[in-house]
Amino acid sequence: MKLGIDAMSGDLGSRIVVEACLSFLEKNKTDELYVVGKIEELEALKPYDQVTLIDAREVLEMTENILAIRRKKESSMVKTMMLARKGEVDAVLSCGNTGAYYASAMLFLKRIEGVEKSCLMAMMPTYSDNKVAMLDVGANSENTAEQLKSFAIMGNAYAKNVLKITNPKIALLNIGSEHHKGDEIHQETYKLLEDMQEINFVGNIEILDGEVDVVVTDGFTGNVALKTIEGVAKMLVKSLKDGFMSSTRTKAGAVLAKPALKQLLTKFDTKAAGGALMMGFVKPVIKAHGSSDAIAFENAINLAFEMVSSDVVEKMKEGLN
């Protein structure tokens with residue numbers, strides 16, 4: 001398998017990408033990495049036969065708008081995406097500007113037949129130890145019922161083939177659990193999903209509690225939910241830290257509570273997820289967090305290869321046609 005890696009577009013630049021690639025190569029002796037960036041910053045990867053280095057002198061900055069992808073055709077992000085377009089790699093990975101990355105995928109990659117709109121899928125933490133795949137979390141501002149149906153099919157294929165869940169439970173994010181709740185689009189989507197024999201639709205869901213495996217939502221609602229959960233998690237962790245450090249007695253309590261605190265922090269650790277997935281394209285497109293460290297980026301590399309090895313895109317095609 002071959003993976004195209006944009007080494008330059010993240011907040012921390014090429015350093016963490018090189019570190020992650022070196023760690024990956026120590027454990028994996030067969031799969032190939034096509035690393036795109038400034039050659040002089042990728043010197044440590046030169047000795048490896050599995051690595052192909054591709055020079056790119058331009059970088060798409062986090063602050064640039066999506067129009068920059070046409071202006072900066074020699075950027076590491078665009079060059080990486082072109083590798084997938086030409087069939088030279090099986091999947092692509094970047095931790096760069098989400099809007100620009102999504103736009104470059106839309107410009108240079110084909111969508112799966114039957115997918116009207118692609119979407120962004122993220123793994124969400126829940127009260128239980130089960131993480132939930134939620135899509136869309138921000139690729140679209142609004143969606144039709146038919147588009148949400150295609151998200152359900154793609155999420156079902158991912159849960160079966162990557163998460164290895166035999167009969168994933170699919171739910172629709174809504175303002176109430178009753179079938180008649182929500183606006184016209186959500187009510188129409190409910191009926192479409194209820195009539196599908198190929199998925200295990202369990203109805204509407206209001207909160208992510210780990211009782212389902214895949215949550216389908218429009219991009220606007222999904223993005224608000226994602227950012228709200230991230231904000232609450234950060235506030236909770238910071239409040240706990242501040243509280244435990246406020247006095248000698250609470251510091252002593254922190255020592256006793258350390259195992260439970262570590263378990264809580266692990267639950268909200270974004271490094272483990274690796275990245276979000278841009279679903280609906282003919283090649284797996286993985287978006288790592290902009291501030292990913294080497295551990296998170298290596299997990300994103302592993303996720304990319306898992307997507308390829310489990311042939312998820314072909315499974316999505318089967319479900320959509």
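Two strands are said to pair in a sheet if DSSP finds at least two bridges between them. The questions below use that idea on a predicted model.

Q: Which strands stand at the edges of the open sheet?
A: The 11 strands form an open sheet with mixed pairing, in the order β3-β2-β1-β4-β11-β10-β5-β6-β9-β7-β8. A strand at the edge has a single partner strand, so one side of that strand is left without a neighbour in the sheet. From one strand to the next, the twist averages 25°. The strands at the edges are β3 (51–55) and β8 (200–205).

Q: What is the bridge partner of L3 in β4?
A: Strand β1, residues 2–6, runs parallel to strand β4, residues 91–94, and three bridges join them. For L3, the bridge partner in β4 is A91.

Q: Which strands does α9 touch where it packs on the sheet?
A: Helix α9 packs on the sheet, and its direction makes about 145° with that of β1. The strands that α9 touches are β1, β2 (32–37), β4, β10 (276–279) and β11 (285–287).

Q: How many residues of the contact of α1 with α9 are charged?
A: On the α1 side, the residues include I16, V17, E19 and K27, and these belong to a set that meets residues of α9, among them F297, E298 and F305. When the residues of this contact are divided by class, nine are nonpolar and two are polar. The number that are charged is three.

Q: What is the handedness of the crossing in which α3 passes α4?
A: Helix α3, residues 76–85, and helix α4, residues 98–108, pack at an angle of about 35° with their axes 10 Å apart. The contact is made by M77, V78, M81, M82 and R85 of α3 together with residues of α4 that include Y101, L107 and F108. The crossing of α3 past α4 is right-handed.

Terms used. Residues numbered from 1 in each chain as written. Predicted model: local features only at pLDDT ≥ 70, side-chain atom pairs only at ≥ 80, totals over all residues. Heavy atoms only, no water. Contact = heavy atoms within 4.5 Å. Helix = DSSP H or I, 4+ residues; strand = E, 2+ residues; numbered from the N terminus. Nonpolar A, V, L, I, M, F, W, Y, C, P; charged D, E, K, R; others polar. Axes fitted to C-alpha atoms, helices over the stretch in contact; angles between N-to-C directions. Left-handed = near helix turned anticlockwise from the far one by under 90°.
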